[in-house]
Amino acid sequence: MTDDTLPLTRPARAGTAASAPAGDASSTAAFLRRNVRDYGMLLCLIAIMVFFQVMTDGTLMQPLNLTNLVLQNSYIVIMALGMLLVIVAGHIDLSVGSVSGFVGALAAVLMVNHDWPVLPATLACLACGGLIGAAQGWFVAYFRIPSFIVTLAGMLVFKGLALALLAGQSIGPFPDVFQRLSSGFIPDAFDVEGMRLTSLLLGLAVAAVLAGAGWRTRRRQRAHGIAGEPAGFFAAKTLVFSALLIGFAWMLASYRGLPNVLVVMALLIVLFDFVTRRTTIGRRIYALGGNEKAARLSGIDTRRLSFYAFVNMGVLAALAGLVFAARLNTATPKAGLGFELDVIAACFIGGASASGGVGKVMGAVIGAFVMGVMNNGMSIMGIGIDYQQVIKGLVLLAAVFIDVYHKNR
């Protein structure tokens, strides 16, 4: 290399080094624009929580209120997981609220009136939910009756059956073992005053496992040449998410620890996230919702997939009904009223497309907690139920509008 080339190469290197941070920033901005559906609602949830934390003078994030927030929204999250698959497959289920109320009534009749043991009664109720989902799925998948009509009929049928089963009266209380499904907390193995150390350690372990899983996934993507999240964004996201998870576990551990139903929810979320992202049946459900004719021509049994989606929805609606009945410690004729609206809204707010084929498990969970935080925060602020319904309706309309707007661009 001659001396006269040095002035040319040195400025080039300096310019490249100087432009690296700008390149990282621009790549992060471009990544966020491409994935606004995934990260937009998470940022909205954080903003909503900060807003209500300020407006309620810190009440929202108190350990007692956080525990109530989890318990109040557990059945909505459980049903949202099933509803997501139904919506992704291109259908809708309006009967989930009535089915959950009917199953709660059935559980009360079996356990309270007929003294069935908790485990057989619970299994019978879950099987009943699966049969209800199978019946509705059969009409939708094999008789080609629109799911809106089938599940609207189911909503009326099971609302009436619940009323008949309870004879218009509330039945309770449930056995103590059954109540722990919704109102119990995981036992603590340590005797530390003012802190449930087992719950805190479990939260730390989960944060570490999720961070490690994310790092392994990123390393695997880079090994195969797959473009993933920018390094800076990935590191910041992992740190923030881990800190929030550990802080959440700390606050719950300072009260009574992790609720049993939170463990059930977490296991279901992991299971459905794995099914939708890592299994053949999950990919086929997305193909079904994206283009049913193309999926059928490619050899996918679209009727069976639709049938399975409704069976799964029936089982999860039954589980949600059991959780709700255990929390109230009684079965009432009005149980499940309006649940379907919150569940469907959670999926759409979380990014599911009204036309099918689009939606993620974590999006549905985030959407459920958006609705839950809004309900809880507005109740603490003393906003009437009338205005709460108006605000939730406008939020749902805005979420669907954003989805349609981005789809038409």
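Visitor: At 17% relative accessibility, does Asp342 count as buried or exposed?

Guide: Asp342 counts as buried, because its relative accessibility is 17% and buried means under 20% relative accessible area, while exposed means over 50% and partly exposed lies in between (1.4 Å probe, protein chains only). Before we go on, please keep in mind that this is a predicted model, in which local features need pLDDT of at least 70 and side-chain atom pairs count only at pLDDT 80 or more, whereas totals for chains, interfaces and linings use all residues. Residues are numbered from 1 along each chain as its sequence is written, and side-chain values use heavy atoms, with hydrogens and water left out.

Visitor: In which helix is Ile78 found, and in which helix does Gly82 lie?

Guide: Ile78 is found in helix α3, and Gly82 lies in helix α3 too. Ile78 counts as buried because its relative accessibility is 1%, and Gly82 is buried with a relative accessible area of 0%.

Visitor: Where does Leu337 lie, and is Leu337 buried or exposed?

Guide: Leu337 belongs to the loop between α13 (302-328) and α14 (339-349), and with 58% relative accessibility this residue counts as exposed. From C-alpha to C-alpha, Leu337 is 9.6 Å from Val96 in space, with 241 residues separating the two in sequence.

Visitor: How many cavities of 30 Å³ or more does the structure hold?

Guide: On a 1 Å grid over the protein atoms alone, a cavity is a set of points where a 1.4 Å probe fits but cannot get out, a pocket is an open set with protein on both sides within 12 Å along at least five of seven lines, and lining residues have an atom within 4 Å of a point. Points are joined across faces, edges and corners, and a volume is the space filled by probe spheres set on them. In this structure there is 1 cavity of 30 Å³ or more, and the largest cavity holds about 50 Å³ of space.

Visitor: Which residues line the largest cavity?

Guide: Among them are Ser100, Gly104, Phe324, Thr330, Ala335 and Phe339, and both α4 (96-113) and α13 supply at least two residues each to this lining. By class, the lining has 5 nonpolar residues, 7 polar and no charged, where Ala, Val, Leu, Ile, Met, Phe, Trp, Tyr, Cys and Pro count as nonpolar, Asp, Glu, Lys and Arg as charged, and the others, Gly among them, as polar.

Visitor: How much space lies in the second largest pocket, and which residues lie nearest its centre?

Guide: The second largest pocket holds about 610 Å³ of space, and of its 24 lining residues, Gly338, Asp342, Asn375, Gln389 and Lys392 lie nearest the centre. At least two lining residues come from each of α3 (63-88), α13, α14, α15 (361-380) and α16 (385-408). The classes of this lining are 11 nonpolar, 10 polar and 3 charged residues.

Visitor: Which residues other than glycine have a positive phi, and where should I look for them along the backbone?

Guide: One of them is Arg144, whose phi is about 60 degrees; Arg144 has its place in the loop between α5 (118-142) and α6, and counts as exposed at 52% relative accessibility. Another is Ala167, with phi near 55 degrees, which is placed in the loop between α6 and α7 and counts as exposed at 62% relative accessibility.

Visitor: Is the peptide bond from Gly172 to Pro173 cis or trans?

Guide: The bond from Gly172 to Pro173 is cis, with omega near -5 degrees, and you will find Pro173 in the loop between α6 (147-166) and α7 (176-183).

Conventions. Helices (H or I, at least four residues) and strands (E, at least two) are DSSP runs, numbered from the N terminus.
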